[in-house]
Every structure is written in C-alpha cells, then in structure tokens.
Amino acid sequence: MPEPRLLADFVVERSGFRLQVSLHMGTEILVLFGPSGSGKTTTLNALAGLVAPVRGHIVLDGETFFARGEDGRTLWVPPRQRRIGYVFQDYALFPHLTAADNIGFALRGPEKAPRVRELLERMHLSHLADRYPHQLSGGQQQRVAIARALAMRPRLLLLDEPFAALDVAIRQHLQHDLLSLHHELNLPIIYVTHRLEDAFAVGQRLAVMHEGRLEQVGPITEVFHHPANAHVAAIIGIPNLFQARVIQAQADGLWLDWAGLTLLAPPQALPHGVEVTAYIRPEDVKILYPDRPIVEAVRDNQVPARIVELRAQPGGHLVRARLPNGHEVEIRYGPHTYTTLPLQIGGDVRLVLRREALVVLGT
Amino acid sequence: MNWQALRLSLQVTAVATLLMLVVGLPLALLLARRRFRGITLVETLLNLPLVLPPTVVGYYLLVVLGRRGPLVQWFGWQLLFTWGAAAIASAVVGLPLLVVSARAAIAEVNPNLERAAATLGLSDWAILWRVTLPLAYRGILAGLLLAATRALGEFGATLMVAGNIPGRTQTLPLAIYDAVQNRAYDEANRMVLVMTALAFLSLWTVRRFEASRSRRDRDESPYA
C-alpha cells in the first residue's frame, strides 16, 4: 500500500445506528461500497466534520481533526478548517449563484479570478460560467460541484454517489475525468457508490460496508474474488457473474465469448483476447414468447436454454436455466409476467440476455 | 386627513418592524434549524397573540411595561402611554406572522447547502449571510411585510398600553375610532381609504413575492 495519508478509526452513534470505521489510505481512490443504509454517507460526514464521532481519531496528513479517548478529552477541528473537498450526492450547488460564483465561493483576493478560470477550463465549463445551476444538465452540475470542491485545494476529496443520477455515457466520461484528475492532483479520493460497475471503473481499493461496519478493505479484484466473509460475499455477490473473453471491440458493441457462447455487450474499448468479468441482472434475462415477433430491444443475445429450477418468490418468480455452454443463469420476473407461457422444469425456452444490460466489469 | 396620526402610525410601524426583525429572525432560524425540548411551547406562546383578544395581550403588556415590570425596574424605561409602548404592542401582535413565514422559508433551504458551505471553509456567520438568508429572503420579506401591515393596523392592545392621546399616541386606527365617535365621517372615510390602500398594496406585494418564490423553486428542481 502507498504511504498512509488518512488514518481514521472512529465510532459514530446516532439514534439506534452505530457506525464503526477503521481505515487508512494513501494517495489513491478508495471505493466505499455497500447497500444503502450501511453507513457510507455517515462515514464521509464524519471525515468532513459534519457528524461528530463519539470516540476514536481522524488524522489527515499528520494533522489530527478529531481525537477522543476513554478519558473523554476531545480534540475537534470544525469542517471549515479541515480543507476536505466534499461533493454531495445532490451536488448542493448554490442555486442563487452562477457556475463561476459557485466555484469561487470559498476563494477571495487576487487569487480568485484566475483560479476560477483555471477550474472552469479544466472541467470544460468555460462556456457555462454565467449559467445558474438550474440551467445546467446533471453532468454539468456534477462538474461544477467537483470544481467547487477542488477550488480550495483540498487534501482529501469525498464523492458521495457522484454519478448516480447520470446516464451511462456521461457517467463513463466523468469517471474517466475523475481518474485523470486523481492522477494530476495526487489527491486521495474516497468514492461512495452502491453500483459495482462504478467501483470497477474508478476504484483501486474497495472498502465494503455492511450495517455500519467496514467488513473488508483491499484491492478490488482481491475483495471480489476472495470475499472475507459471508456478508461481503452477499453484498458484492451477484447472480449471473461470469468470465468471458473479448472477441472484438466494435463501435456498435463489444463481442464476448463466454465458454463458447457469443454475446454482444454495449461498446467499450477493450483489447482483443482479454479476459473480463461480466454479469447480467436476473431481471434483465428475458424469456421469449415463441409465437410473437421479436422486438428490436431483445434481438441480440438469444440463447436456447433448459429450465432446471422454477420457484415462486416474494414479488415474482425465479427461474434457473442451463445454457448450451453448461453454465446456468438466473431469471427473475414479476408475478404477472409470462403467465401464458407453459414454463416447467426440463422445458426448453429461448432466452435473451439483454445487450444493454450486459455489464462488463473489466479484468 | 389626520396627517399627524398617519405620521405617528408610520413611525410606530417602522420601530415595531425593526423590533420584530431583531427578535423574529433569530427565533425563526432557531425554530427552523434546531430541534430542542419545549419547541412546541415556544411556538404556541409565540402564536398566542394571533388568537387572544387584544385586551388580553394589552393587559399582559401593561404588567410587563408597568411600574413594577422589568423594563422600569431594571432599565428605568417608562414606556407606558408613549408611542414606544404602541410600537411594542404592535410588534408583539405582528411577530407571529413574521416568524411563521420566515421559518418556513428558512426550512426550505436545503441543509446540504449549508453543510457544503461549511466544508468550503465558511464560518457559521458567513453561511448565514451568503447562503441561508439570500435563499430565504423572499419568504422573510413577505413575512416582514405582512407583520408590518398587521402592526400598522394594531388597535386594541395599543389602546390599552399607549392610550389615545392625539399627537402623542394616537395612531391612524385610533384616529378613525375617534372620528367615528365624533361623527366626523368625511375624516373617517379618508383615513379608512388610506388604511385599506396600504393593506391592499402590502398583501398584493406579499402575494407577488410568494408567486416568484414558487416559480423559482420549480426551476431549481434538479429533476425538473
């Protein structure tokens, strides 16, 4: 691990919820991953000083922001003196100020104007400097929020679900931007997400949270392939996860070979022949009606399969089916779907692994 | 037209408005942003003047402003039967209108904006001046205008603590009462018209403030 810059070991208690975090990080991107309600945002708030831990310590670059031991003596640095950049999930842009004024909000003096100009340029926002937040798209607001957090040259950058509300193309673009920012600024970044794709796209190390505890911290692939316990496995464990090989990357899609089965995924620049981890959510595996015309959305990735398991579940049904390549996929659908199809164990069906929903996580 | 009464009314209202702002704004901030024990008690006490008979409010004020009240005992301020007492009576009656409106406007400001400002290095004062108040000012101004208009029309409590001394404590509403008692209907008509016009103008403006506020909120919605 790189030399530690942030050392945090603290306990937060608030109305029935207990958060215990112990982590250290260097100049890297750490992904805080876990289901909603697991304490990810509270962890960021505690680091930024917006929530007070009951005990423990938080030290950044040798400076103690918080320390409280058994004797109850407390050291507390307020948020405004911590120089920690925080990008909120809702961006929290000041609606009464333009993009430029938002970015320059914390700055003053002769340094202000050139710094704002520099950040506008760096984040490709120069042409939007005089717009108000409500006149900006989600992706643009996001970039303003990041620029504003960077304006005061933070020592640590916190991002709370930064790309949750954005569509895929913009998200990938911003993720790429974030990686180059990280590279340029040599800045430790903590990135909160509940989406595994995001974690793989930007993260170097993964910290898995579950019910207020950090269950495992480590390099992403390691956590992924060797979950420390059942909680971690359940949190990151996704049905229909498989290893595939890239056959061809084209503008209209990425061709994969999954043990003899050829599948098409959304376009992504990956070298030919590389092994990747991919998955598809059980909701995105569709069963085709043999007597109906096939619509555009389910044209690709048709596979014959045989049903091996059929189960009613709360909120719908679960089907397991074996593919020609010997692997099984899980299919989930609502209570009123496929009611006219004679589904039974041992029966043959045609499945579609929806192209748009096929997620390639990288190597 | 009783110009003297009008001038006095405006003077009383101006001072009452200032008093309401000084007391009401911190109160609205407290009620909007803090959870504390007894918050319901504070709110209920604050709103009592809205529903109590003016004579009851006036009676309490007589006790507070009277010779054995704290203002005389501690500061030696003899305010009874001066226009200062009229200003205080008007402020007490108008205050709930300001606090209710200002509190709602402040509560509408996304607390994440204040937290963001804190992480950007601003002190609590700077956050108040540069984030909270600029975003809530429409609602605060609307409440202030409403409260000022209520103060301008104050009659009952004012009569009890300031009396009805022409040229010294006789405000416009009191002058109208006198005019009607003396059957000076022309005089009364003119003053009634002035009061009505002022009140109408004020409510009209308040409405405009609120309309522009809701329009702006729509624009701001990130999911619009």
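Predicted model: local features only at pLDDT ≥ 70, side-chain atom pairs only at ≥ 80, totals over all residues.
Together with B:Leu41, B:Leu48, B:Leu50 and B:Val51, B:Leu45 makes a nonpolar surface patch of about 500 Å².

Where in chain B are B:Leu172, B:Pro173 and B:Leu174 buried? They belong to helix α9 of chain B, residues 172-181, in which B:Ala175, B:Ile176 and B:Ala179 are buried as well. After α9(B) comes B:Arg183, a residue with a positive phi near 55°.

Strand β1 of chain A, residues 6-14, pairs with strand β2 of chain A, residues 17-25, in the antiparallel sense, and nine bridges join the two. Within this pairing A:Val12 of the one strand stands opposite A:Leu19 in β2(A). The two strands form a hairpin with two residues between them, and in the turn A:Ser15 has a positive phi of about 25°.

β1(A) also runs antiparallel to strand β4 of chain A, residues 55-60, to which it is joined by six bridges. One of the residues paired here is A:Leu7, whose bridge partner in β4(A) is A:Val59.

## The largest pocket

The largest pocket holds about 810 Å³ of space. Its lining is made by 30 residues, among which A:Gln172, A:Glu197, A:Gln268, A:Val359 and A:Val360 are the closest to the centre of the pocket. Two or more lining residues come from each of the elements α5 (168-185), α6 (196-202), α7 (220-225) and β21 (359-362) of chain A, and α5(A) gives the most, with six residues.

## Salt bridges

Side chains of opposite charge can pair when their charged atoms come close. Over all chains, a search of the whole structure finds 25 salt bridges. One of them joins the side chains of A:Arg155 and A:Glu63, with a distance of 2.9 Å from N to O. Since A:Arg155 lies in the loop between α4 (138-151) and β8 (156-160) of chain A, while A:Glu63 lies in strand β5 (residues 63-68) of chain A, the pair ties together parts that are 92 residues apart in sequence. Are these two partners buried or exposed? A:Arg155 has a relative accessibility of 16% and therefore counts as buried, whereas A:Glu63, at 30%, counts as partly exposed.

A:Arg122 and A:Glu184 form another salt bridge, in which the closest N and O atoms are 3.0 Å apart. Because A:Arg122 lies in helix α3 (residues 112-122) of chain A and A:Glu184 in helix α5 of chain A, this pair ties together parts that are 62 residues apart in sequence.

A:Arg311 is partly exposed, with a relative accessible area of 41%, and A:Glu309 counts as partly exposed at 25% relative accessibility. Elsewhere in chain A, salt bridges link A:Glu283, A:Arg320, A:Arg322, A:Glu328, A:Glu330 and A:Arg332 in a network.

Methods
Residues numbered from 1 in each chain as written. Chains lettered and ligands numbered in written order. Heavy atoms only, no water. Pairing = 2+ DSSP bridges. Helix = DSSP H or I, 4+ residues; strand = E, 2+ residues; numbered from the N terminus. Patch = residues over 30% accessible without salt bridge, like charges linked within 9 Å, V, L, I, M, F, W, Y side chains within 5 Å. Areas by Shrake-Rupley, 256 points an atom, 1.4 Å probe, with all protein chains shown as cover. Salt bridge = Lys/Arg side-chain N within 4 Å of Asp/Glu carboxyl O. 1 Å grid on protein atoms, 1.4 Å probe; cavity = no way out; pocket = protein on both sides within 12 Å on 5 of 7 lines; lining within 4 Å. Points joined across faces, edges and corners; volume = space filled by probe spheres on them. Buried < 20%, exposed > 50% of the residue type's maximum accessible area, 1.4 Å probe, protein only.
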